[in-house]
Amino acid sequence: MSALPDRLEPGAPYPLGATFDGLGVNFAVFSAHAEMMELCLFEATGRREIARYPLPEWTDEVWHGYLPDARPGLLYGFRAHGRYAPQEGMRFNPNKLLLDPYAKRLAGQLRWTDALFGYRLNSARADLSFDRRDSAPAMPKAVVTANSFDWSADQRPNTPWSETVIYECHVRGMTRLLEEVTPPERGAFAALSHPSVIDHLRRLGVTAVELLPIHSYVQDRRLQELGLTNYWGYNTLSFFAPEARYLSSGDQDELRVAVRRLHAAGIEVILDVVYNHTAEGSELGPTLSFRGLDNATYYRLVESNPRHCINDTGTGNTLNFAKARVVQMVADSLRYWATSYGVDGFRFDLGVTLGRTGHGFDPGASLFDVLRQDPLLQKLKLISEPWDIGPGGYQLGHHPPSFAEWNDRFRDGVRRYWRGDEAQRPELAARLSGSGDLFDRRARRPWASVNFLTSHDGYTLADLVSYEERHNEANGEHNHDGHQHNFSRNWGFEGPTADPRIRHVRERVRRSMLLTLFASLGTPMLLGGDEFGRTQGGNNNAYAQDNEISWFDWKLARSAAGRELTDYVAGLIALRRRYPILRSSQFLYGQSEIAPGVLDVDWFDERGLRLSPDDWDNAAGRALNMRRAHRREDGRVEVVSLLLNASESRLLFNLPPPVAHGRVLVDTAEPHIRERPTDGRVLVADRAAVLIVAELEADPAGGRPSP
């Protein structure tokens, strides 16, 4: 740009952030309590400050100014002046360079130093003290951007919820060891859309990838001191900028190209987003952005002692969604990712926090209302993790319509049933049928239940059947971190074993659980790598393991066993796509008669007898036949029976009339999916499941249907 002016022009309070208009850049940043706001400009390396301007205008609590002739690529930050009174929630310190909350690109990495803190770390007065050191040398800088990417030929897949199959994965971990990708691109956005990755996803038949956080995030100081890294990324620094280390080229269009290629393959992209807290931690944390701009607005503070942050997230701070500007920032961020990067949906980490008010969780909270009425966001896939650690923090099933929710009761119920726990049939039946007891309200549908066996947070599926104790020693927390109650079973030996009997049982149980997942009503989610047996060596909290513990082992995927299991999962997904009753868009309660004697859903034991109340209460009962039926467009009635046997002995199932024979689609006692005919008697191996389909044709005379 030309010589810098003496002062800024007034500019405009909207849009927030740095906006290039072709002739210059408008800067706008919110702060309700600052007394002055300064814009700091830096030379291209970010090491030297070259200009500092007070923002000349304050409109609607937004500080703003316009810099003529400025161009994209300019590096900048803010300094906020005001009262430093932590007892009142005020923590202004102009010695600290602050990142623009709307920064769309960052230059440089945060370098941990005591100067990042607004107070003197070793002071006896703790955070009541005041630190005068300049933090700019240790801070990343915001970069002015201008997006000209052409989305005109892009076509979103717009997969209906009832047909959606989600694949959860980590951008870096998925391709870090993928040899087909050139080394510089491994673990980056470019590799995410590599032909071999897309071929794998299409072979499976998944319809969406759900990526662990890709917002710019901070590497925890404690982890760095231990020689570890924050691998998962749930420590957001910027809600608008993609994480730089996932950009092999340094060009943000790398992510846009990846999304376009995934869309062209019919695959949607869902982002795991962390709006419940920021990387600034508790009141004893660093001053990086929000705390220095307006601590009392951005964070929920203890009402009786606003020196302290409310910690409903377990990370030290909680964003305050009772404030309009916080709601606006999150909504603006979501719109930006949906429009600038073509994202198809979002999974909200600790989603209960987003609906917290002064009285607890409210499904009618401001942010939820904004998302539900927004003409763009209401069309996207919105998924909540329906809990946090605050009071009343478990809210499964209580989110508003248009939201799906991670269903941990499905996860735990399926795990407990297949490991052989007693009294699991009633709970399992509720989960198989879409968890209507949790979600059938306010016109919600079965897809609102996101069903999963495993996720990034916990064991992989292979480890779930191989370990009964967590093995998190590599995390540096003396194996005290991670879930204690995993409802897992090792089947006779802890960890890897050469014992063929144990290996055989593990493989069978794993196949049975996978069939249960894909044959249940709801939206299935598969943890990436479970399709070929990925293991983390028993680590059920690999958040700090950016190494072979977390990375996909593609050699395992291409082994005979890996290919066999991958084919099996792909076959299950294909069957779910082939038989609509497996993914019904309506809840089934056994109240609709599809044909004489055939209800939309019904429940039987292995004898073919309908379960009575006493049967449901029988704690020792481990056999279940879930029979579903619907009428096809050609008039024939299609009946699908899911036979489950979690006992230690094989059982002979008698199919209840009028189903006299049919075709076995899947038998989890076998490693391959092969159809075969069957009569009304089916032998189901111990810890196995069988899926059967039959067709009935109504008697023209109005009698009972005939097979």
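Predicted model: local features only at pLDDT ≥ 70, side-chain atom pairs only at ≥ 80, totals over all residues.
**Stop 1**

Now widen the selection to the open sheet of 4 strands, whose order is E1-E2-E6-E5 and whose pairing is antiparallel. Its edge strands are E1, residues 17-20, and E5, residues 57-59, each of which pairs on one side only. If you look along the sheet, neighbouring strands are turned by 25° against each other on average, when direction is ignored.

Next, select Glu 61, which is found in the loop between E5 and E6. Its phi is near 65°, a positive value in a residue other than glycine. Is Glu 61 buried or exposed, or does it count as partly exposed? Because its relative accessibility is 37%, Glu 61 counts as partly exposed.

Pro 15 has its place in the segment before E1.

**Stop 2: parallel strands around E20**

Move on to strand E20, residues 381-384, where Lys 381 and Ile 383 point one way while Leu 382 and Ser 384 point the other way, and all of them are buried. Strand E17, residues 345-348, pairs with E20 in the parallel sense over 4 bridges, and Phe 348 has Ser 384 in E20 as its bridge partner. Strand E21, residues 403-406, also pairs with E20 in the parallel sense, here over 3 bridges, and the bridge partner of Ile 383 in E21 is Ala 404. As a general point to keep in mind, strands of a sheet pair through backbone hydrogen bonds, either parallel or antiparallel.

**Stop 3: helix H9**

Now select residues 408-419, the 12 residues of helix H9, and set the distance between its end C-alpha atoms against what the residue count leads one to expect. At 1.5 Å a residue the helix should span 16 Å, and its end C-alpha atoms are 16 Å apart, which agrees.

Where does the N-terminal end of H9 find its cap? It is Asn 407 that caps this end, with a side-chain oxygen lying 3.0 Å from the backbone nitrogen of Arg 409. Just after the helix, Gly 420 takes a positive phi of about 100°.

Colour the helix by accessibility and you will see that 9 of its 12 residues are buried, so H9 is largely enclosed by the rest of the structure. Among these buried residues are Phe 410, Val 414, Tyr 417 and Trp 418, and the charged residues Asp 408, Arg 411, Asp 412 and Arg 415 are also included.

**Stop 4**

On the way, select Arg 442, which is found in the loop between helix H11, residues 436-439, and strand E22, residues 449-452. The phi of Arg 442 is near 55°, a positive value in a residue other than glycine.

Then select helix H12, residues 461-464, in which Asp 463 is found. Asp 463 is buried yet has no salt bridge, and the nearest side chain of opposite charge, Arg 534, is 7.4 Å away. What does the side chain of Asp 463 make a polar contact with? Its partner is the side chain of Thr 535, at 2.5 Å.

The C-alpha atoms of Leu 461 and His 359, which are 102 residues apart along the chain, are separated by 39 Å.

**Stop 5: the sheet of six strands**

Finally, select the open sheet formed by 6 strands in the order E26-E27-E28-E33-E30-E31, where the pairing is antiparallel. Strand E26, residues 601-604, and strand E31, residues 676-678, stand at the edges with a single partner strand each, so one side of each is left without a neighbour in the sheet. Neighbouring strands of this sheet are turned by 25° against each other on average, direction ignored. Inside the sheet, E30 and strand E33, residues 688-696, pair in the antiparallel sense over 4 bridges, and Arg 663 has Val 693 in E33 as its bridge partner.

End the tour at Pro 658, in the loop between strand E29, residues 651-654, and strand E30, residues 662-667. Here a cis peptide bond joins Pro 657 and Pro 658, with omega about 10°.

Note on methods
Residues numbered from 1 in each chain as written. Heavy atoms only, no water. Helix = DSSP H or I, 4+ residues; strand = E, 2+ residues; numbered from the N terminus. Expected span 1.5 Å × (residues − 1). Buried < 20%, exposed > 50% of the residue type's maximum accessible area, 1.4 Å probe, protein only. Polar contact = N/O pair within 3.5 Å; in protein donor to acceptor, adjacent residues only side chain to side chain. Pairing = 2+ DSSP bridges. Axes fitted to C-alpha atoms, helices over the stretch in contact; angles between N-to-C directions. Salt bridge = Lys/Arg side-chain N within 4 Å of Asp/Glu carboxyl O.
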